[in-house]
Amino acid sequence: MKDEVFYDGELIEEGWDLWDFSIDVQERIREIFKETGFDKVIDVEKAFIPREEPEYIDLQELLGMTNSAPQPSNTFFSASPKMKPVDRSAFKDLILDNKVKYSDIIQHIHLSELSEIDESINFFPMPSNEEFLDLVESLENFGVLSPLLVIKDKKSDKYTVVCGRSRLAALNHLYSVNQDERFLYAPCQILDPDTDLSIIQGIVISSNLSYKKISKETQIKSVLLLDKILKKNKIYKGEINITDKIAEKAGISRTTANTIRGFKNLSPKALDLLYKKHLTRGAARLLSMIEDHETQDFIIDGLGNQINDLRKIKEMIDGPMKRIYDDEAKTTVPETWEMKLDRTLRMVPSKIKIVLYVDSGEVEGVLKALIPLRGKAVSRYKAFEDGEINKYFKVLLNENDMEQYLRRGFVNKETLDIICSGDYKKVIKYA
């Protein structure tokens, strides 16, 4: 760090702190001091303040980053070098068997030198307006209680914020409003510039996933990236262990974690539709069972707006039949994918739900009109066992409403008993 040297209040020269030089350069300067006899004038050893070595910590500890408790200090930023952004008890398991290297010294960096990390890495949402205002108020009253984690851009002298994007935004807001220099510098700890991208991604996910309200899209992206990261760890050899760890970190059930992990088999097109909510999770789960992306895309394009029809997806997953009857050729032929798609598109749902809203005065008449239809269904489907008719023709009624209608005489009890009965003997005589 370059310093101005004053004598009797006047600037006489500019100098450099000796401990800012590399170890090799420091040793060479020491030798020059001894060769020139300058070591007789000053205490050479005291002139070289030892540089604090960067600390190495487990990634697990770094990913356990939480706001630390307020540190007593007279300064706004609580800038003690002992201040740690790491809660070492927050995580007990390693996410990666790598070590994270970062400076243990808190540096206060000008806001203009800090920039947000790319959205492809930190895809988590920013705080809501209410949450952001709460953060601004907290920083205004108590300062930054936990330093930002940053990494230096190799192409410039600026820094990218790996963890602390919301705090950076709040500081920028406070300075723009108040022009108060207390908010112009952010306390930061600096990651080694050679830190692996997967470690940075892991830090971003773990510092956001557990406490932020996130969309289904963000949840899926986070789980898929965690899956990729955990697979690099020798500790998590089994698929079950990985699923358990993801479920724990994401705060979801094992079933949900396992389902989302399966989405990694989806084609880019399928994933894009899933993120945009054009594809349901159920449909995505079925498509993920197909290893070939080309086949997935063929099914997506072929089914079009029927892509969320699970029955049709299952039919397509089964693939073409070995032989199918060709009406034109009047013989059996091998079924192609195109023929299978055409046959699947012509499939219709085996059942449909029909909802009727009627005026209270029409309830009795509507129910009586439905009774003979149920009777005909008994005969058509030969539903001659108790309750079997409900597989083909079931009437659901709001019990609370029916109780009021019954009490007021809008509907007869006999009508209700017949329309809801599963006894074919009661129903078939009205066919």
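What share of the contacts in the protein chain with a separation of 6 or more comes from residues 24 or more positions apart? In this predicted model, such residues account for 67% of those contacts, contact meaning heavy atoms within 4.5 Å. The chain has 431 residues, of which 39% count as buried (under 20% relative accessible area, 1.4 Å probe, protein chains only). It contains 18 helices and 11 strands, taken as DSSP runs of at least four residues (H or I) and at least two residues (E), respectively, and numbered from the N terminus.

Residues are numbered from 1 along each chain as its sequence is written. Local features need pLDDT of at least 70 and side-chain atom pairs count only at pLDDT 80 or more, whereas totals for chains, interfaces and linings use all residues; side-chain values use heavy atoms, with hydrogens and water left out.

The largest nonpolar core comprises 47 residues, a nonpolar core being a set of buried Ala, Val, Leu, Ile, Met, Phe, Trp, Tyr and Cys residues joined through side-chain atoms within 4.5 Å. Val-162, Phe-263, Leu-266, Leu-274, Leu-279, Leu-287 and Ile-307 have the most contacts inside this core. Beyond its neighbours within four places in sequence, Leu-274 touches Ile-220, Phe-263, Leu-266, Leu-279, Thr-280, Arg-281 and Ala-284. Another core, of 20 residues, lies apart from the largest one and includes Leu-148, Val-161, Phe-183 and Ile-190.

Helices H4 (residues 129-142) and H5 (residues 165-178) have axes that come within 9 Å and cross at roughly 70°, the axes being lines fitted to C-alpha atoms over the stretch in contact, with angles running from 0 to 180 degrees between N-to-C directions. H4 is therefore roughly perpendicular to H5 (65 to 115 degrees).

Note on methods
Angles under 35 degrees count as roughly parallel, over 145 as roughly antiparallel, 65 to 115 as roughly perpendicular and the rest as oblique. Buried means under 20% relative accessible area, exposed over 50%, partly exposed in between (1.4 Å probe, protein chains only).
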